[in-house]
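Open the model in your viewer and keep the selection panel at hand.

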Amino acid sequence: MTDQPNQPYDPYGQQPQGWPGQGYQGYEDPHAAQQYTQQWQGQTWETQNHQQVSAQAPDPETAILTPQSPQPLRSPRTPQGPAAPAGADASASGYGPATVGGNQRVTDAQRARAEGRSPIIEPGMQPAALTALLGLLLAGAAAVGTYALLVPLVVLQAVTAAGWFRLNGMWPARQGIALGFAGALAADAALLVSGRSPSAILGTLGVWVLLALVLQLRSHADPDERMYGLMATVAASALAIVAGGYLAAAADAVTVGAVAVAVAVLARALPLPTPASVVVALLAAAGAGIATGSVTDLGTSGALLGAGAAGCALIGHRVASYDYPSRFVHFTAGVALPLAAAAPAVYVLGRALA
């Protein structure tokens, strides 16, 4: 009998077939079967190839950032490489270069903190001059009458609402600004109807907090963004409404307080060290309060009113200087916040010293 090779049993009587063009061989040896196994000869995305691509990225500005080769953001203030034009200045944009690796843009405030610099930039003399002009308009209009006071007061409230949103980096925020300004107008109307009662301010403020809450509940933004927008809307509305305290205060108190704020902000803008500038501003406001109080019925007690109003105004001035604000912030929040923050002090001290 002829020796037959060992073949697997085929119940259907079919002969086993090998690969096309080759005879059948029983794969008794496992190593012999590997020569007929199909092998993938193409290039695959392996770790070595991935590292090589990342290391040979020609342009670091658009290179894909990987865990093997992290690259920090390059400051736009110091452009590098032959591709950067001479004298290029990217500081106007306020952002770092865009990447495709998911890195967030770097603002001027973040860059200042990373470099150890202060994020505080004071508005300067030009916004201070506008604040002084608006304060003098308030003082003069208060001496004329209640309805004359409404004109500069409405301007102050509108600039306050817009400046607060821009100070918080939310621009444009037309709904929030419109809501805050509408609350200020509603508070002014309630003050006139109620005979300049301060309860009109508190009632309007409570209603507008609820309206701001409803507005944010209808938003489809992320929860964090909705909470941030709610806080900004409530704060802008509160500042604009509280500025109506000038309308509720006595005319003499408004005159003394507005003049004191104007003098204090101008003194604060002088090129002096911060502690000395604050002291000079408070002393100048107290002096202005005495001078203005001698013309009105407050007399020497105008010094206390002027110093109190100036203290609140300096707080608003400091808030408008925070977090690397832009020029637009300086000419909105930097102008309005000192006067808006001083309104409660003018009302309270005016009634106490009357």
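Select helix H12, residues 302–319, together with helix H14, residues 333–353; in this predicted model their axes come within 7 Å and cross at roughly 160°. Angles over 145 degrees count as roughly antiparallel, so H12 is roughly antiparallel to H14. The crossing of these two helices, H12 and H14, is right-handed.

Now show side chains at this contact. On H12, pick Leu304, Leu305, Gly308, Ala309, Cys312, Ala313, Gly316, His317 and Val319. Facing them on H14 are Leu337, Pro338, Ala341, Ala342, Ala345, Val346, Leu349, Gly350 and Leu353. Colour the contact of H12 with H14 by class: 14 residues are nonpolar, four are polar and none is charged.

The axes of H5 and H14 come within 8 Å, with a crossing angle of roughly 120°. H5 and H14 are therefore oblique to each other, and H5 passes H14 in a left-handed crossing.

Which residues of H5 meet H14? Select Leu156, Val159, Thr160, Gly163, Trp164 and Leu167 in H5; their partners in H14 are Ala333, Ala336, Leu337, Leu339 and Ala340. By class, the contact of H5 with H14 holds nine nonpolar residues, two polar and no charged ones.

To finish, centre the view on Leu337 of H14. Leu337 takes part in the contact with H12 and also in the contact with H5.

How values were computed:
Residues are numbered from 1 along each chain as its sequence is written. This is a predicted model: local features need pLDDT of at least 70, side-chain atom pairs count only at pLDDT 80 or more; totals for chains, interfaces and linings use all residues. Side-chain values use heavy atoms; hydrogens and water are left out. Axes are lines fitted to C-alpha atoms, for helices over the stretch in contact, and angles run from 0 to 180 degrees between N-to-C directions. Helices (H or I, at least four residues) and strands (E, at least two) are DSSP runs, numbered from the N terminus. Angles under 35 degrees count as roughly parallel, over 145 as roughly antiparallel, 65 to 115 as roughly perpendicular and the rest as oblique. A crossing is left-handed if the near helix is turned anticlockwise from the far one by less than a right angle, and right-handed if clockwise. Contact means heavy atoms within 4.5 Å. Ala, Val, Leu, Ile, Met, Phe, Trp, Tyr, Cys and Pro count as nonpolar, Asp, Glu, Lys and Arg as charged, and the others, Gly among them, as polar.
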